[in-house]
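The sequence and the structure come first.

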Amino acid sequence: MAMLDLADKPETATSYAADKVQASAADPVTGYRTFTLGAFRFSRDAYFATIQWPSHGQTRTHAMPADAFLRAMMRDVAWGFFYGWVNFDHVFGTRNHYGKVDVYAGAFNGVMKEAGVDYTETFETPLIMATFKAILHDWTNAGFDPFAAPEETGSAFGPKHGENAGAIERTRIATRRMPGLPDDSPLRDDLPVNRAFLDVPQDEPTVHCEPGFEGQLHAFNLFKYLSRSDVTWNPSVTSVCGQSLFCPTTEEYILPVFHGNDRVEWFLQLSDEIIWDIGDKNTGAPRARITMRAGDICAMPADIRHQGYSTKRSMLLVWENATPNLPRRYESGELKPYPVDF
Amino acid sequence: MAMLDLADKPETATSYAADKVQASAADPVTGYRTFTLGAFRFSRDAYFATIQWPSHGQTRTHAMPADAFLRAMMRDVAWGFFYGWVNFDHVFGTRNHYGKVDVYAGAFNGVMKEAGVDYTETFETPLIMATFKAILHDWTNAGFDPFAAPEETGSAFGPKHGENAGAIERTRIATRRMPGLPDDSPLRDDLPVNRAFLDVPQDEPTVHCEPGFEGQLHAFNLFKYLSRSDVTWNPSVTSVCGQSLFCPTTEEYILPVFHGNDRVEWFLQLSDEIIWDIGDKNTGAPRARITMRAGDICAMPADIRHQGYSTKRSMLLVWENATPNLPRRYESGELKPYPVDF
Amino acid sequence: MKPTFKTHFGSLADYNKGNIEVTQGDARHYVFSNVFEVAAKSAPYERVVVGKNLEYVIETLRAEGQSPWFACAHDEFVIALDGEVRVDFVALDQSLAQVDGAVLTEPAGRAMGYVVLRQGHQSLLPAGCAYRFGTVEACTLILQGKLGALSVQKWAEICLH
Amino acid sequence: MKPTFKTHFGSLADYNKGNIEVTQGDARHYVFSNVFEVAAKSAPYERVVVGKNLEYVIETLRAEGQSPWFACAHDEFVIALDGEVRVDFVALDQSLAQVDGAVLTEPAGRAMGYVVLRQGHQSLLPAGCAYRFGTVEACTLILQGKLGALSVQKWAEICLH
Ligand SMILES: [Fe+3]
Ligand SMILES: [Fe+3]
């Protein structure tokens with residue numbers, strides 16, 4: 001259903017394309033492997049992840065700090081390539097075609113695109129998923145959790161030392177209707193409350209069912225549930241109304257990607273404050289800066305990319321729409337990029 | 001003489017404008033003070049430095065991760081605002097007019113400039129120096145050294161805890177001719193060799209003077225001197241030929257600023273490798289990516305901005321030209337932005 | 001040093017609306033409102049649409065006193081943002097017409113029970129049931145559902161532009 | 001884990017030139033060469049300009065055997081990049097014409113002494129003295145000075161474009 005719910009499926013994807021992952025031997029100095037995916041080459045060293053691609057017979061190169069790269073790739077993998085564009089930064093990213101995925105460099109950077117030094121290649125989802133997971137496993141050192149806020153994890157830098165499969169392999173059970181219902185995703189009562197949410201009440205709603213209606217009413221404490229999230233910038237579904245998905249998440253520091261959606265997405269700020277930098281989806285040129293505080297709700301139009309900043313860990317309700325064929329309907333102009341005319 | 005040599009003068013500048021620094025009381029939650037400089041407002045919290053400025057009656061806002069902001073501001077202060085433009089990132093920065101300094105937001109960002117949401121204000125050098133130093137002092141926590149490579153220092157994040165005046169107040173003696181000469185800047189024999197340069201030979205050249213010529217010949221081991229640098233991305237002068245200054249420096253991780261020079265600058269890579277991202281000076285649009293390895297030399301034209309990446313700590317010889325009135329000669333078109341026609 | 005954090009939730013009486021700094025384009029396209037402000041300025045139990053994605057909506061309601069009975073042919077969900085609300089449920093004897101969104105009803109059927117929600121609590125409003133809200137003190141609800149006959153759209157009034 | 005670092009210096013025999021990936025503009029504007037490559041392909045003690053900033057230059061020389069005597073009216077500086085070189089100095093009896101850059105000379109005056117530079121060592125070449133280089137094995141020098149009669153500019157030959 002929702003791309004968000006693919007989070008529990010990569011294992012499968014990895015297993016059936018794992019034999020196709022192209023990896024070098026570990027570098028004798030840094031300890032890291034180099035990976036190739038089509039014409040893309042991915043390498044890392046003590047500080048940087050480096051991406052190379054061909055352009056007009058030349059090799060083009062782009063580097064990102066390894067921590068930023070791993071945080072972005074962790075989201076891309078966990079989200080199953082999500083909706084639309086996952087920009088790791090202003091140069092590199094992926095675009096989901098739901099079954100296939102584009103990997104691009106410079107293709108959504110105004111100047112690089114214009115200069116013709118961009119490159120895009122399309123891969124079957126299982127192959128890119130297996131490759132990205134292999135990169136995550138090889139490049140994530142002991143003590144670094146790419147899902148965690150910087151204040152809550154160690155450094156991603158240095159030569160290869162250990163691994164952190166536990167952080168990378170967190171799996172999630174897809175929500176069908178609402179967490180806590182029978183045969184649905186679990187609540188989070190065994191997870192500890194995050195240090196930034198120690199003041200969030202942990203009481204549960206009263207649910208009283210008349211005889212004969214046992215189990216037909218259901219309620220839970222959503223804020224408690226969110227206060228126990230052990231990851232940042234990683235939405236998960238908490239209610240499903242047809243194709244309408246409430247996907248709340250807890251946010252701290254910087255959203256590791258610039259998300260360019262292929263549909264309209266909405267944000268409802270449940271607690272604290274997030275600042276959003278909004279850029280043009282195709283070129284990255286700045287469009288707006290939006291400050292959202294508790295109770296604020298706004299739309300992310302289908303023609304922008306967005307990156308959020310949250311200093312105090314905050315609760316954000318992301319509202320997605322999983323209606324089939326939306327990308328085509330927005331691209332064709334049938335649907336306007338913004339949701340409401342007034 | 002060289003802006004580089006102002007490094008030992010900020011103390012003076014600070015002292016005589018220190019009473020003009022506009023600072024709030026410490027925030028009861030974060031512990032940090034908020035500063036104003038003209039119409040600019042600078043605040044920080046656990047993760048971010050936030051800059052605000054007026055535009056068309058609205059307040060515009062820009063945030064940077066606190067570590068990146070402090071690394072950039074440390075360079076701007078240590079370099080005495082350097083030559084030309086010191087871009088903290090794609091939005092905020094300073095431009096040196098040698099006696100006065102512009103502070104700008106968006107003025108050298110193509111889209112923001114075009115949209116008219118940019119702002120520039122000019123300050124007397126002592127006032128901005130005193131303010132920037134006060135910000136550095138208040139916002140730098142114990143354990144964080146803004147001059148150090150990330151692998152060599154602690155985190156900049158969190159609420160205010162302690163300070164690190166020692167790191168910020170490193171002073172440098174200006175070099176008149178060559179370090180180690182009588183009445184000139186000292187060598188670095190008491191500093192330890194950096195962990196990344198442990199294999200650099202520490203021998204000294206043989207200097208034999210005939211009777212009567214004692215002290216007239218002079219040589220030293222430059223690589224040894226550089227191997228003992230305790231800072232990164234901080235050039236210091238090691239030879240002076242008229243207005244021609246050799247300013248070698250050791251580099252690790254990312255140059256914390258995008259430097260846009262008001263003249264031509266040259267780089268000679270002495271060891272290892274640095275990658276330079278080159279952008280248009282006025283808009284920031286990408287121009288080139290230059291890989292420099294030991295022995296490579298190249299010019300940074302006067303119409304670009306540059307930011308370097310060095311994974312292994314490397315030795316870079318920055319070559320500057322302190323000839324008076326160069327900014328005017330380049331701006332007027334008298335001098336071409338690049339140094340050689342061929 | 002151990003920081004202590006204060007989590008800021010909004011409420012009808014205490015909210016601090018954010019803002020948009022536009023560089024290019026139209027602030028209207030972000031359809032920016034604040035659910036507490038909307039609830040504060042609306043009639044009790046007016047189902048004001050604050051988010052719309054094709055046929056799907058988020059509505060905000062000021063819960064104040066007793067609401068009428070609502071019923072809906074599909075699942076809806078309610079979250080109490082800033083106070084206590086009781087939701088009573090009735091299992092309807094007759095099945096509802098398959099239309100989007102909630103309708104008003106005079107429920108005929110057996111009482112299923114109730115839930116009491118406080119700040120941050122979320123309840124399922126199951127398809128085919130009638131439900132009504134009741135509060136002692138006014139508070140803010142958000143509902144996830146579909147655009148229906150009771151949905152009130154007054155974007156120009158509520159949104160930044 | 002304690003990393004061990006290997007510092008890479010270049011040499012006449014072992015250099016690995018970088019490159020330019022141009023997005024907009026002309027690679028020539030970066031005037032990009034490699035001093036070891038230039039020295040390797042030049043005549044011994046040819047003063048090849050690899051950097052020029054108005055009247056100031058960086059020259060690279062292949063030091064090989066004995067050089068002629070040079071003299072200069074202003075300070076110059078030499079750095080040995082990849083091998084051992086001896087520099088002999090003579091205090092000139094007569095003062096030099098105030099021109100930019102080095103000139104060839106047959107020095108008349110008293111020997112001042114010498115320095116022996118190895119990899120990474122830098123020496124002052126004081127104004128008004130004569131100096132000459134001598135090596136057992138060829139190596140690479142860079143000189144900081146001014147453009148003069150002996151400076152050789154062959155940019156198209158040495159630079160990436
Ligand atoms: Fe998004
Ligand atoms: Fe520079």
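In this predicted model, A:Arg95 counts as buried, at 14% relative accessibility. Its salt-bridge partner is A:Glu331, with the closest N and O atoms 3.2 Å apart. This pair links distant parts of chain A: A:Arg95 is in strand β7 (residues 92-96) and A:Glu331 in helix α7 (residues 326-331), 236 residues apart. A:Glu331 is exposed, its relative accessible area being 59%.

A salt bridge also joins the side chains of A:Glu273 and A:Arg293, at 2.7 Å from N to O. A:Glu273 belongs to strand β16 (residues 273-280) of chain A and A:Arg293 to strand β17 (residues 286-293) of chain A, so this pair ties together parts that lie 20 residues apart in sequence.

In chain C, the side chains of C:Lys41 and C:Glu37 meet in a salt bridge of 3.8 Å, N to O. C:Lys41 is exposed, whereas C:Glu37 counts as buried.

The table gives the accessibility of residues from the last two pairs.

| Residue | Relative accessibility | Class |
|---|---|---|
| A:Glu273 | 31% | partly exposed |
| A:Arg293 | 22% | partly exposed |
| C:Lys41 | 63% | exposed |
| C:Glu37 | 15% | buried |

Salt bridges with shared partners also join A:Glu152, A:Arg195, A:Glu252 and A:Arg313 into one network. Over all chains, the structure holds 70 salt bridges.

Notes. Residues are numbered from 1 along each chain as its sequence is written. Chains are lettered from A and ligands numbered from 1 in the order in which they are written. This is a predicted model: local features need pLDDT of at least 70, side-chain atom pairs count only at pLDDT 80 or more; totals for chains, interfaces and linings use all residues. Side-chain values use heavy atoms; hydrogens and water are left out. A salt bridge is a side-chain nitrogen of Lys or Arg within 4 Å of a carboxyl oxygen of Asp or Glu. Helices (H or I, at least four residues) and strands (E, at least two) are DSSP runs, numbered from the N terminus. Buried means under 20% relative accessible area, exposed over 50%, partly exposed in between (1.4 Å probe, protein chains only).
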